[in-house]
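Here are my notes on the model, point by point. Please read them with the structure open.

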Amino acid sequence: MNSNIYVCGYAYHTQRLYTQHKPGFSEYVFRLQTEGACEAKVNGRMYEIKQGDLLMVHPEDHYELFIKENHDSGDYYLICDGSWLAQWWARSQKPVLSHIGVDENLISLWRSIVIEERRPASSKNKELSHALLQSLCFYIERAANETSIDLTRPYVVTRMMRYIEEHALSTFKVEDAARHAGLSVSRSIHLFKSSTGKTMLEYAHEIRLSSAIDRMTYTTMTLEHIAEECGFGSYPYFHKVFKKKYGTAPGAYRRTGS
């Protein structure tokens, strides 16, 4: 299965703009609004596009983009096609518009594709471009599914979960996760617990323990080093959390493999 990337980049508009994508072409269009706002019409329906909104357009869709006079708008965009894209699109419902936020990991993937596509044809690595495109598609698919209107979990809770996943192995503070979601500490604590059934620290511990078990199983790192690497700070604290969760000490777990 193949994929082709025709255009990939970042655009910042300060003047009026109109563009469209008519049915009959083979290309899929992805557009992430990172700054400002604009409007789009897809199959006759108008959408207001705000910061953090992802637009996904199928080749059979009629798509028009409108940027008004005196309205700034910045976005990452991608136009591509191929048999792999067709299979990926068909495997699950893809919303035209979803609010996934401006995620630095996603932006980093997008930038990597941009950089690879800028290379001269003789220097491009098609396998790398294909792998990066696959990663981008999987990433936005998960993000779009997590923010679907069918989910009962508030979007701000998803943002806190993603923040914790990214920072759990380093110094993690509840205040930082709350700030990332734009909430007060008290509101974030209540909302996270009511939505997930666990505290932010308990969620961070799940991630830390999973990482610790991987290191215990597949490396020869000392338990003290693992405790430090996985965000526990000290071995005594790691020992306490581990034994409470699994009913055995880390050393015994490592020796028996379970």
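1. Start with Gln33. The side chain of Gln33 reaches the backbone oxygen of Glu35 at 2.7 Å. The side chains of Gln33 and Arg31 are joined by a polar contact of 2.6 Å. (A polar contact is a pair of N or O atoms within 3.5 Å; within protein, one must be able to donate a hydrogen and the other to accept it, and residues adjacent in sequence count only if both atoms are side-chain atoms.) Gln33 lies in strand β3, residues 28-36. Helices (H or I, at least four residues) and strands (E, at least two) are DSSP runs, numbered from the N terminus.

2. A word on provenance. This is a predicted model: local features need pLDDT of at least 70, side-chain atom pairs count only at pLDDT 80 or more, and totals for chains, interfaces and linings use all residues. Residues are numbered from 1 along each chain as its sequence is written, and side-chain values use heavy atoms, with hydrogens and water left out.

3. Is Gln33 buried or exposed? Gln33 counts as buried because its relative accessibility is 0%. Buried means under 20% relative accessible area, exposed over 50%, and partly exposed in between (1.4 Å probe, protein chains only). Beyond its neighbours within four places in sequence, Gln33 is in contact with residues including Cys38, Ile49, Lys50, Gln51, Gly52 and Asp53. Ser73, Gly74, Asp75 and Val102 are also in contact with Gln33. Contact means heavy atoms within 4.5 Å.

4. Now the whole protein. It has 10 helices and 9 strands. The C-alpha trace spans about 65 × 45 × 30 Å along its principal axes. Of the 258 residues, 43% are buried. Among contacts with a separation of 6 or more, 70% come from residues 24 or more positions apart.

5. Asn43 sits in the loop between β4 (38-42) and β5. Asn43 is not a glycine, yet it has a positive phi of about 55 degrees. Its relative accessible area is 48%, so Asn43 is partly exposed. Met46 is found in strand β5, residues 45-49. Met46 is partly exposed too, with a relative accessible area of 40%. Setting aside neighbours within four places in sequence, Met46 is in contact with Glu39, Ala40, Lys41 and Phe66. Met46 and Glu64 are 18 residues apart along the chain, and their C-alpha atoms are separated by 9.1 Å.

6. On to helix packing. Two packed helices are described by the angle between their axes and the distance between the axes. Helix α2 (residues 104-118) and helix α3 (residues 126-146) pack at about 155 degrees, with axes 10 Å apart. That makes α2 roughly antiparallel to α3. Axes are lines fitted to C-alpha atoms, for helices over the stretch in contact, and angles run from 0 to 180 degrees between N-to-C directions. Angles under 35 degrees count as roughly parallel, over 145 as roughly antiparallel, 65 to 115 as roughly perpendicular and the rest as oblique.

7. Which residues of α2 and α3 meet? Asn105, Leu106, Leu109, Trp110, Ser112, Ile113, Glu116 and Glu117 in α2 meet Leu128, Ser129, Leu132, Leu133, Ser135, Leu136, Tyr139 and Ile140 in α3. By class, this contact of α2 with α3 has 10 nonpolar, 4 polar and 2 charged residues. Ala, Val, Leu, Ile, Met, Phe, Trp, Tyr, Cys and Pro count as nonpolar, Asp, Glu, Lys and Arg as charged, and the others, Gly among them, as polar.

8. Helix α4 (residues 155-167) packs with helix α6 (residues 185-196) at about 95 degrees, with axes 10 Å apart. That makes α4 roughly perpendicular to α6. Val156, Val157, Met160, Met161 and Ile164 of α4 make the contact with Ser188, Leu191, Phe192, Ser195 and Thr196 of α6. The residues divide into 7 nonpolar, 3 polar and no charged.

9. Ala178 is in helix α5, residues 174-181. Ala178 counts as buried, at 0% relative accessibility. Not counting residues up to four places away in sequence, Ala178 touches Leu183, Ser184, Val185 and Ser188. Ala178 and Arg159 are 19 residues apart in sequence and 9.3 Å apart in space, C-alpha to C-alpha.
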